[in-house]
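Subject: Structure handover

Dear colleague,

Here is the structure I said I would pass on. My notes on it follow below.

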Amino acid sequence: GPSAQVPQIRSFGALPHAGMGGCCSSGAADDVVISASVPPPVYEEAEAVTDSLHLLAHERLWKLQELDQATKIPFILVELTGEGDGDGEIEICGKDEYGIYEALDAWLRETWDCEALDPGDLTEDTKIPFCKAQYRWPGFHVSGEEGLNNMGLKTMELIDFVSGKMSWTLAIVNGGNVGRHGEVREQQIVFKAPHPMNLVAPHMMIELRTAGFIEVSADLDETDRAVLEHIEKFIIERFQAEKLDGFEEFCSCYYQAGEGFLTGVGEESGLGLLTTEVCDMVVALPGWSLVACNSGSYAGGKHREQQMVFRRDYNPLGDEEYLSVNLCSSGSVQVDGKDQKAIFRKLDHYLKGRLGCQVADGFPREVPKATDEERSSRCYTWKAEDFLSTIGSLTVFFELQGWELQVCSRQTISCEHTYGMAGYGDESPERALNQVEEQLLLFRPGATEVGAVNPHLFLEMYAGEGKEELYEDEEATQVLANQCMRWKVIGPRKGEGRGKINEAAQQLSNFVINYLGGSQGSEENTFHCNVFMCRGRFENNLAQWTMRLCDFLVDRLGWSFVMCSLCNQGEAGQLRSQQLVFRFDGDKRDMPLSTTNFNNLDMSLWEGDQSPSHWTDERVLSGKVVQSVQRCNAEEKEALQVMLDGTFKRTLTRDRQPDDDAPENEEMPYRLELVDAFRSEHVWLHHRLRERTMEAAGDVAFDVKTTIALEGTCLHSRLEPGQAYLYHGTNPSSSMSILKTGFALDHAGSSTGTMFGAGIYGAEASSKSDEYGRDDGGNTYPGLLALLVCRSFVGNPYVVQHPGDYVECAREQGYDCICGDRESKVGTYREFVFFDERAVYPEYSVIYRRQYDFHKVPESMVVPTTGTTGRFWQIRKGPEWQNLPTEVNKLLIQAMKDEEEVVNVTLGGTEYVFDIVAKKGTNQKTGNKVPLRAPMVF
């Protein structure tokens, strides 16, 4: 490609709260043995792949397999490419967990009439594989010159299968157009580990196109038809739109916007403002939130499109509204949305002071007016800087205000305007269409105005430029020139958060050197490499390496994958770059995968077993499959809620971690509110439990609180003598894994410790197991946690009151499990420890949220807490000590770790100076002092 089209790699410049641990250009964690002569680390000019590079590419892919031994969150990426009407291709990358490749293969062949292609494999005599599975796809359709195609509809069909049937979680929808006229459509859909709520959560896509059209694609149940009716009413009224018939091949509903809507280029289209209005309209519906936002362009970049994918996931942010910031490399920054919490004033000060922006003259022009006075669109001029640095800086600003980055996306458009510091709208006749890059970021206000900067890593891969004659050869594999990757980190300056950042930076540097053969560039955190290749103009391995970097940062380092965004530049979109965002929001648990191969089990073992009468899956009942997950019926969910309520008590222990969603002065919810529940019908685990139950001698009765709470419910009658239901707190994706495989003793205690010895832990009180409940992080059903309800053989337990390792003693004396009774000793809880995997059958996954509003719980549950976590700084107000807000508590604990003495904080709009050594706070306005009390545990 011409050098003029190569994106510039700029210096990051200064960034508040930004920093980097030393990068490693040698001394990687693992030695690499390469048998071929090593090609140069970067190619200044693209060339056809040589024999040595062919061998090296295969060896690198072989070596990467050693990183697949541990899995925290598996990912897959499905890329749909539509090259013309009836002419498409599909590639799949990522880990093959839970049989997802086999399921996708069957579905693509049967439903989409796809034909499997040969992607290559890891043997040296095949072509270099760019993916794990590849298909010819005849189902892509396009019509006319205005961008009408069925990519959105097909994306939603794929999501409905992978999420709705296979329970994998939609993480990203990302793509764009390539080809000289944007005629080739690419769409990347990223899914991550199965989550039970996917089986019941509906998804929906709304697409705005500046050719003047709106598309809605969704396959909702009859119970959700009112959602589509509400959206249709909004579109017709807001866009003065007309619904058009006859477009069912392309979308569920098709609308033509009225005159003056969705027209024009760049800011003049009003797309940013309209996007926030659509988002705010949808999230006002109960439980819905934005999951992905994908920007694209077509017709040579003259038209823009915005795809928004929504999911009913009961986000704790509720109906909080969105603010969009759109950066344009032509020299503009546009801000759209409602002015909440004085954010426009604060952002105006930041943009002018930090980025050197000025308000653009004469803006807006030809932009549809907002529907209310609080919503507005503002445009600034700026001297365009490196986007990676700027989005990091913007994220720092918004996080310090208590706002959260929700999605970001990039696109290349053709724009007439070149913004300079002279102002907006130069009317010079020399103006011409210029290819410019846009970056859209959407933020929402969080639960608090007190912000803290969480560790983030912003990574960009530039795949490089190829040779035109090799682009024209569909069979030739070429290694691209001038390819590189770079990253930017933000987060705390000191302490544990900074340690996580430095560790991630060091390990990522090692990974790039060790597995990608990278060499450090002249600029900090920039590496040259030679891994990106393409065949023809459109087939490339950028998605493959995207997944590999994602696997490394998530599985090896424990960061959350937040979003990724593809950008295609150059006259045919052949200059590709991928931007990824990761966040560290707590250590991830390893997925407790069992080593049992269910395909090799001897089915005769349970041939004589009678299946439980409440099982419903005919495949399980007929022996075709070993396990399936079914949604609980209303009677079961009612019983589970009764059990949750009947075993909940507001007793605090030091195992309860601070909850970011808790209101001030509350460390514990009043109730665990069941959102949904799922039953595992598992013949093997059911057989093992019955086998263990039958081995027990005598009829032993041990009172367990769950059994008492369940009296008179359908669940009570399902228990056999000696059995009880016990809770195990976890996160939803891990709960799906455990439902499938059962517990593995070699994972026992790996997440929460072993107070009474190594084993499988269960609790009789829902409030105890809630201490270990988590959501999945990374914007995946935030605020929804999981409890496993396990049918367990308690039998005759060995009862102890003091911490210690009692496993061998209990086993030798013939006890069935251990009951650690801290309730009778210190008034907290009883826990049960099992040292025989057969004794625990994880039967239900309960998805719940913590209810902190005492107005929304039964009156009998509105009681004060007892005990303490000892994890909060407290302030004395009158005669009582009160916990400081969670975010303030985080700041003070971090200051303690960093050995700081004085911290400035804001409480209820009042500025304080806290002396954490003297344990005094001073009101900056009045000078009054208030006592502080430090936590016992931090």
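Two strands are taken as paired if DSSP finds at least two bridges between them. On that basis, Val902 stands opposite Asp915 in E45. Please keep in mind that this is a predicted model.

Overall content

The protein has 19 helices and 47 strands. Of its 938 residues, 61% count as buried. Among contacts with a separation of 6 or more, 75% are between residues 24 or more positions apart.

The sheet that holds E44 and E45

E44 and E45 run antiparallel and are joined by 6 bridges. Their hairpin has 2 residues between the strands, and Gly908 takes a positive phi near 55° there. Strands of a sheet pair through backbone hydrogen bonds, either parallel or antiparallel.

Both strands belong to an open sheet of 6 strands, ordered E43-E42-E47-E46-E45-E44, with antiparallel pairing. Its edge strands are E43 (880-883) and E44 (902-907), each of which pairs on one side only. From one strand to the next the twist averages 35°. Elsewhere in the sheet, strand E42 (residues 874-877) pairs with strand E47 (residues 929-933) in the antiparallel sense over 2 bridges, and Gln874 stands opposite Arg933 in E47.

In a regular strand the side chains alternate between the two faces of the sheet. In E44, Val903, Val905 and Leu907 make up the covered face, while Val902, Asn904 and Thr906 make up the uncovered one.

Helix H19 (residues 886-897) lies across E44 and strand E45 (910-915), and runs at about 180° to E44. The 12 residues of H19 should span 16 Å at 1.5 Å a residue, and the end C-alpha atoms are 17 Å apart, which agrees. Buried in H19 are Thr886, Glu887, Val888, Asn889, Leu892, Ile893, Gln894 and Ala895. Just after the helix, Glu899 takes a positive phi of about 60°.

Helix H13

The same check on helix length applies to H13 (residues 683-695): its 13 residues should span 18 Å at 1.5 Å a residue, and its end C-alpha atoms are 18 Å apart, which agrees. The buried residues here are Val683, Trp684, Leu685, His686, His687, Arg688, Leu689, Arg692 and Thr693.

Helices H2 and H3

Two packed helices are described by the angle between their axes and the distance between the axes. Helix H2 (residues 100-111) and helix H3 (residues 151-162) pack at an angle of about 135°, with their axes 11 Å apart. Angles over 145 degrees would count as roughly antiparallel and 65 to 115 as roughly perpendicular, so H2 is oblique to H3. H2 passes H3 in a right-handed crossing. From H2, the contact is made by Ile100, Ala103, Leu104 and Trp107, and from H3 by Glu157, Leu158, Phe161 and Val162.

Tyr515

Tyr515 lies in helix H9 (residues 495-516). Its relative accessible area is 4%, under the 20% cut-off, so Tyr515 is buried. Its C-alpha atom is separated by 9.7 Å from that of Val531, 16 residues apart along the chain.

Regards

Terms used: Residues numbered from 1 in each chain as written. Predicted model: local features only at pLDDT ≥ 70, side-chain atom pairs only at ≥ 80, totals over all residues. Heavy atoms only, no water. Helix = DSSP H or I, 4+ residues; strand = E, 2+ residues; numbered from the N terminus. Axes fitted to C-alpha atoms, helices over the stretch in contact; angles between N-to-C directions. Contact = heavy atoms within 4.5 Å. Expected span 1.5 Å × (residues − 1). Buried < 20%, exposed > 50% of the residue type's maximum accessible area, 1.4 Å probe, protein only. Parallel < 35°, antiparallel > 145°, perpendicular 65-115°, else oblique. Left-handed = near helix turned anticlockwise from the far one by under 90°.
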